[in-house]
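This report describes how selected parts of a protein structure are packed and linked. It is meant to be read alongside the sequence and the coordinates.

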Amino acid sequence: METQKKILVLCGGKFAFPALQLLAFENFMCGIGIGGASETIVDALERESEDNNLGFKSFPDKNSISGLRQWIDGLKPDYIFCISFPYLIPETVLSYGEQKFINFHPGPLPQYRGAMPIFEVLKNQETETAICTHFMNSEFDKGNIIFNDPVPVEAEDTYGKLTVKLSNRMAHVALNMANMLQFASSIPNQPQDERLSCYFEKPRLSDTYINWNRMNAEEIIALINACNPWNAGADATLQGEQVKIIAAELLDEPHDQMAGTIVSAIDSVQIACVDNQQITVSILSTDYGIMTASQYITLHPEKAGIFN
């Protein structure tokens, strides 16, 4: 009987937990390395690793990965899986073995390279995303693709909902990959088509900010969903006050107001958009805290006017 392959998983936090649990249950894992995570997550994974006789190492910052190769040499895994590991792995580590490092990217490649493809996919109103499994090289998200596993994006998906969906799907994709490595003599792969490539930097304020004069209603809703919960909502200005809009829906009602004008403020805040549509805001965050739109209007009846 063929010996079970040993897999070391490098991860960045909670997103990888379902995959870690499934790979451990199927006895594929020999160790866990975690990068840039909070002390709470590090402590939890360290305890679980000890209980299951797995190697464990924390990499709190980029400089700490200088000890990664020595640790890998000691564990001698057959393959290394990366699931949201935050640091670029250098050639000195990748030289451990050709096609030994496999990354699981939560977005289709090469179209959605970068650290936060979930945000970009939602902001761009895609109806489908993917988990892309690819061999790793010394550049972010550029190694040969093994496969893109498609995942539908639903209209009501927020960043949080889609992240949970992808995290759960990631567990099965990682297990399928482990089984492929266990039984296949070689893994088919192909270079990425650079004509389709796009790299997205981490979002800045300009990427999360609602521009009422330039964005139509669907674009605004997409941005709000893409910012919930990681950015605590989409950034906006409410008559001179900075706020974050956490939840809103498209309201198919025409208006004769300027874009950004509050059309109604009773149970929700209905805002005129540039395409003659409206959005209805239900939850927002202010300096006073997170509240419903009606609570905000009760606090600030004088602001039932315009989003600047």
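D207 counts as partly exposed, at 21% relative accessibility; the cut-off for a buried residue is under 20%. This value, like the others in this report, is drawn from a predicted model. The side chain of D207 meets that of K123 in a salt bridge, with 4.0 Å from N to O. K123 is likewise partly exposed, its relative accessible area being 26%. Because K123 belongs to helix 5 (residues 117–123) and D207 to helix 7 (residues 205–208), the pair ties together parts that lie 84 residues apart in sequence.

The structure holds 8 salt bridges, and the table sets out some of them.

| Salt bridge | N to O distance |
|---|---|
| K123 and D207 | 4.0 Å |
| K142 and E139 | 3.3 Å |
| D157 and K165 | 2.8 Å |

In the pair formed by K142 and E139, K142 is partly exposed at 32% relative accessibility, and E139 is partly exposed at 43%.

Helix 8 (residues 217–226) is largely enclosed by the rest of the structure, because 8 of its 10 residues are buried. The buried residues are A217, I220, I221, A222, L223, I224, N225 and A226. Their cover includes helix 5, helix 6 and helix 7, together with strand 10 (234–238), strand 11 (241–251) and strand 14 (278–286).

The nonpolar interior remains to be described. In soluble globular proteins, nonpolar side chains tend to be buried together. The largest nonpolar core in this model comprises 74 residues, and those with the most contacts inside it are V9, L23, F81, I102, F104, I210 and I279. Helix 6 (residues 159–183) supplies the largest share of this core, with 11 residues. Another core, of 17 residues, lies apart from the largest one and includes L10, I65, F85 and V93.

Which residues does I102 touch, leaving aside those up to four places away in sequence? They are Y79, I80, F81, C82, T133, H134, F135, M136, I146, M177 and L181. Of these contacts of I102, F81 is also listed among the residues with the most contacts inside the largest core.

Key
Residues are numbered from 1 along each chain as its sequence is written. This is a predicted model: local features need pLDDT of at least 70, side-chain atom pairs count only at pLDDT 80 or more; totals for chains, interfaces and linings use all residues. Side-chain values use heavy atoms; hydrogens and water are left out. A nonpolar core is a set of buried Ala, Val, Leu, Ile, Met, Phe, Trp, Tyr and Cys residues joined through side-chain atoms within 4.5 Å. Buried means under 20% relative accessible area, exposed over 50%, partly exposed in between (1.4 Å probe, protein chains only). Helices (H or I, at least four residues) and strands (E, at least two) are DSSP runs, numbered from the N terminus. Contact means heavy atoms within 4.5 Å.
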